Amino acid sequence: MIDKDEVSRLSVDVLSRLQGLVGDPYSYARAWKGRTGGKVMGFFCHYAPEEIIHAAGALPARITGENRVISESGAHLQSYCCSLARTGLDMALGGDLDFLDGTVFVHTCDTMQRLSDIWRLNAGYDVHLDVVLPGRLEGDSAWEYLCRELASFRERLGELVGPVDDGALRTSIALYNRNRALLADLYRLRRRDPGVLPSDKALMVVAASALMDKEEHNALLEELLGNIEARLSGAAPGGLPDRPQEEGVESRGQAEARPQAGEKVRLFGIGSVMDQWEFLAMVEDVGGTVIDDDFCTGHRYAGVMAPEYVDPIESIARRIWDGVPCPCKHVTTRDRAELLLERITGSGAEGVLFFQFKFCEPHAFDYPYVKKALDERGIPSLHLEIEQGSVSIPRLRTRVEALLETIRG
Ligand code: SF4
């Protein structure tokens, strides 16, 4: 029988591997390319149809910018563009993404749409593809358009990277769903006991999913979750939460989790890319923990399953259509604030951290109305704006401490 020390050691092994990966995000893609001879396709947004890229035999690798001082992209992008776009382009122009064979741009915000043109003209990769998603994710015409755009992407990718047949696509969809189910388990286990994994580590695990081969990530996740489950069942007999989540259903609406006495303060994070591990570690350090989130490198990346028993293009379209919409998308029939409130309440979060990039218009436009909904429910929140490359942890620490004091009363 496995003892608790052994369980901890196994978890540490998996975590240090994933931590190394997010610390040097593209070493994996480089090594994968050297090992397999396959193509690597970069992408920025969680709406990217990764399953189609995977089914074409390529590795989808997410570009999340980095903490760097801009040198080359300043000639192409104004300083009032978000640092994700500016540092991402800087990496491409500086040769740091030389392992990429191409890039897939999904139409989300205006910055990304314009970045796509600048990237195509200046970054110099062989393949450049756009997936122009509808701005409104509702209505018959938008649904038909979305399905046609995904089918067209499949054709264009097939010509430039490799053919995508239905069988391969179904296999990729199942593989990606397995990954989402495992990540949903990670969120569920943390809701039950946030102490099983601090939020900086948990969000690293999720972010690593978009950087590496899914089979390998699934294997690491299975090992990690097995270790956590073994630890939890030893510490708290009585079984684990049900798994996996229902197909095609966002893991919202779960039974409400209740914070235990002596637990860290549960917070809910809202923003786009979350790659500031030092910031999350600081939040843990001062007595908070991000228990659930709407980051596009977090829950929004993994939160929705693609149904497996429908046409594969329709399946991917459903995944894009059914999730909590990103602030770049317009859905009048499903109120984003209501959907977020449901998840905030279900996770037992007592406060909200808005963690946003400076100059990110979609999130800035979204903030007042989500904040108003939180205020009406008496949920305290803190709005933080950052730029990659100039994050001051001591300054943010004071503000996070103030939020925690407000919550504790
Ligand atoms: S949504 Fe915001 S953070 Fe993301 S690319 Fe657009 S402006 Fe930048």
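## Helix α4 and what follows

G95 comes after helix α4 and has a positive phi, near 85°. Helices here are DSSP runs of H or I with at least four residues, strands are runs of E with at least two, and both are numbered from the N terminus. This is a predicted model, where local features need pLDDT of at least 70, side-chain atom pairs count only at pLDDT 80 or more, and totals for chains, interfaces and linings use all residues. Residues are numbered from 1 along each chain as its sequence is written.

Helix α4 is largely enclosed by the rest of the structure, because 11 of its 11 residues are buried. Buried means that 20 or more other C-beta atoms lie within 10 Å of the residue's own; exposed means 12 or fewer, partly exposed lies in between, and C-beta atoms are placed from the backbone. Among the buried residues of α4 are S83, R86, D90 and L93. They pack against α5 and β7, where contact means C-beta atoms, placed from the backbone, within 7 Å.

## The shell around the ligand

How many residues surround the ligand? There are 14, and the closest are C82, C109, T111, S272 and C360. A residue counts as near if its C-beta atom, placed from the backbone, lies within 6 Å of the molecule. Helices α4 (83–93), α5 (110–122) and α14 (361–376) each give two or more residues. Helix α14 gives the most, with three.

The shell holds nine nonpolar residues, four polar and one charged. Nonpolar covers Ala, Val, Leu, Ile, Met, Phe, Trp, Tyr, Cys and Pro; charged covers Asp, Glu, Lys and Arg; the others, Gly among them, are polar.

## Residue F359

F359 sits in the loop between β7 (351–357) and α14. Its phi is positive, about 70°, although F359 is not a glycine. Is F359 buried or partly exposed? F359 is partly exposed, because 19 other C-beta atoms lie within 10 Å.

## Helix α12

Helix α12 (residues 312–322) is also largely enclosed, because eight of its 11 residues are buried. They are P312, I313, S315, I316, A317, R319, I320 and W321. Their cover includes α3 (50–55), α6 (140–160) and α7 (166–192).

## The whole chain

The chain has 15 helices and eight strands. Of its 409 residues, 48% count as buried. The C-alpha atoms fill a box of roughly 55 × 50 × 45 Å, taken along the principal axes. Among contacts between residues at least 6 apart in sequence, 76% join residues at least 24 apart.

Definitions and conventions: Two residues are in contact if their C-beta atoms, placed from the backbone, lie within 7 Å.
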